[in-house]
Amino acid sequence: MKLRKQVLSILCVGLLAFAAGCTPNQAPTTGKSEPVQETKVNKDAETTKTSQEMVKMAFFVPTEDGSGVKQSTVEMEADKVTPKAALLAMLKADRAQKYPVFSKDIKITSVTVKDGIASVEVNDAFVKGNGGDLTVQLQMAAIVNTLTSFDNINGVLFVSNGKKVPTVGSFDTKDPVKRMTNLIKK
Amino acid sequence: MRKLFFMCLAVLMAIPLFLTQAKAANLEDARWVTRTDAPVPYVRMVMDLSAPVKASASISKDGKTTTVTLKNTKLKTAKANINMDSSIASSARLTEDGRDVKVTIKTPSSIDTSDVKVFSLKKDTVNQKPYRIVVDVQKKGVAPKPAYYGKRPSPSAHPAKNMPTGSGNYSISGGLSGKTITIDPGHGGSDSGAVGPHGVQEKNITLPISMYLKKALENRGAKVLMTRTTDVDVYGPNASGVDELGARVNVANRSNSDALISVHINAFNNPSVGGIATYYYSKTGNDARLAQKVQSQIASVPGFNGDRGIQEGNLYVLRHSNMPAVLVELGFISNPNEERVLQSPQTQEDFANRIANGIASYFGG
C-alpha cells in the first residue's frame, strides 16, 4: 500500500513537472535586427460558422436599369453555402424582378472549382448571347462577381457540354474572367 | 483516501497540459490573390494549417519587409518562394526558423501597420476549409476608388495575357487622310443581332450606318475596308462565335488598318433603358483615346436616352485586333423610341458623320 502510494506520487509529480516544462509557444530568439512596428493579430475572425447555423450568402443581381450588378444576401444554413447555391440564389432573385436579365431558357447546371478557377457549366442559350451586349455583360458580371466572392475563386471559365466556351455573345471568354468590379453598384 | 483523491486530481489537471503541448502544426499550402473589389486593391495571402496556430507580425524599419511568424509550425509545402503582385506585394518566402515558420513578404513600397492585416480563421468542416492564417497587404499610394458605371474609363487591373500589343504598323496621328480604317457592321446573314419590339433587326441598322460612315471617311481621304457590305455572315452561315468574330478581325489585321470601328446597337430587357456607349479594350495605349474621341461626338445624337460613356469591355473584336479599336453601341433597339429613331436615314447619317468626326479628331485632323 505504502509502495503504491509512493509510486503514484512520483508519477503525478513527474507528469506535472513534464507538463509545466513545455509550452506550445516557445520561440527561440534569433538575435536578428529588431523590427520597428508590430502588427496586431486579429484572432478567430469567422467567415463561416459550423453547420446548422445560419449565415449570410452574398450574390450579385443585375440592376433593372442596366447600370450594373448589385450585391444581395440571403440567410442560409452554413452547410448549404456553395458556389452553385449562390448562383441559383442569384438566378432566383433576378427572375423575381420585373425585367429579368437571365431568360428562363438559360440554365446553370454545375460549378467546379480547381486552383482558384471556377468552371461553370452552362447551356447554349447562355452561350449564344442573345438579348444584346449589355444583357450579356450583366449576365457575366452577375455570375463572375457572385463566384469571386468566395475566397477560393479568383476567375471564372464557362463550359458547355464539357468543353470550354471561348466566346459568349460578342465577349471573349477564353481566359478566366476576373472580377468585374467596375460593374458593381453600391 | 484523501491523498489518493488529490493525487488523481493532480493527474487529471496535468493531462490537458500534456496533450496541448508539443505537436507542431503543419503549414500545408500557401496561395495568394490580388483583390481589386475593395476601395484600395490588396494582396491576400492564405496559409492552410493542420491545427490552430498563434501568429505574430512585424514590419522592418524600411517598411519593405513584413514578417509573419507562425508559432510551433512545420513547413510541409514545397512552395518556398512565391512570386506575387509586383505592384503591391512582390514576393513571399517561407522558411523554418527553429520551431516556427517565418513568412517574409517583400513590398515595392514602404508600408506601415495600417496597410497590413493578419488574422486567423477556424477550420470549416462544412465547406472543407482547414485552419488558416490570412495576411492582407494593401497597395500603397492609391486613393480609395468609388464604384462607378459609365462615363469614366475603367482600365483593366489585369490586362489579359497573350493579347496583341499591336503590329506597330498603324498610325495614330497626321490627320485622317491616307489612313486605312476597317468598319465592321455588326451581325448579318444568319445572325440578326438583337430585335426590337417592332421587329427591327440590329443587322439592318448597323449596315446602313456603316455605309454612311464609309462615305464620310472616304470624303476625308481615308481608305476604307468593310467586313461586309450586304446582309451576309462574314465567315459563313451559323458559324461559331470564334469563327465569325475572327473573320471580322482578320479583315482589319490583314490590311494593317490604322483603326477598327465595329458598329452595333444595344438591347436590354427593360424597354426604358437607352443611350449611347463606346467600348474599348486596353491593348495598344490608344484604344481609350479613340473611344473618348468617338463617344464625345456621338453621345449627343438627338432622340436617345443619354450618354452611357466609354467602358472597357472584353469584346472579341477589340481584343484580337492589332490596332486601336472601338465598338460603338448606337442606342437600344429594345427601347421603342430609339428603335423608331434608328430607322431614320437622317439619324443613321448623323451617327456616321459624328463617328467620322471623332476618328478624324483622334488622328489629329
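## Basis of the model

The model is predicted, with local features requiring pLDDT of at least 70, side-chain atom pairs counting only at pLDDT 80 or more, and totals for chains, interfaces and linings using all residues. Residues are numbered from 1 along each chain as its sequence is written, chains are lettered from A and ligands numbered from 1 in the order in which they are written, and side-chain values use heavy atoms, without hydrogens and water.

## The sheet of chain A

Strands (DSSP runs of E, at least two residues, numbered from the N terminus) pair if DSSP finds at least two bridges between them. In chain A, three strands make an open sheet of mixed pairing, ordered E3-E4-E11. Strand E3 (54-62) and strand E11 (184-185) of chain A each have a single partner strand, so one side of each lacks a neighbour in the sheet. Nine bridges link E3(A) to strand E4 (residues 69-77) of chain A in the antiparallel sense; within this pairing, Ala58(A) has Thr73(A) as its bridge partner in E4(A).

E2(B) runs antiparallel to strand E1 (residues 25-35) of chain B, with eight bridges, and Met47(B) is the bridge partner of Ala30(B). Eight bridges also join E2(B) to strand E10 (residues 131-138) of chain B, again antiparallel, where Arg44(B) stands opposite Asp136(B).

## Asp100 of chain B

Asp100(B) belongs to strand E8 (residues 100-106) of chain B. The side chain of Asp100(B) reaches the backbone nitrogen of Asn72(B) at 2.8 Å.

Key: Helix = DSSP H or I, 4+ residues; strand = E, 2+ residues; numbered from the N terminus. Polar contact = N/O pair within 3.5 Å; in protein donor to acceptor, adjacent residues only side chain to side chain.
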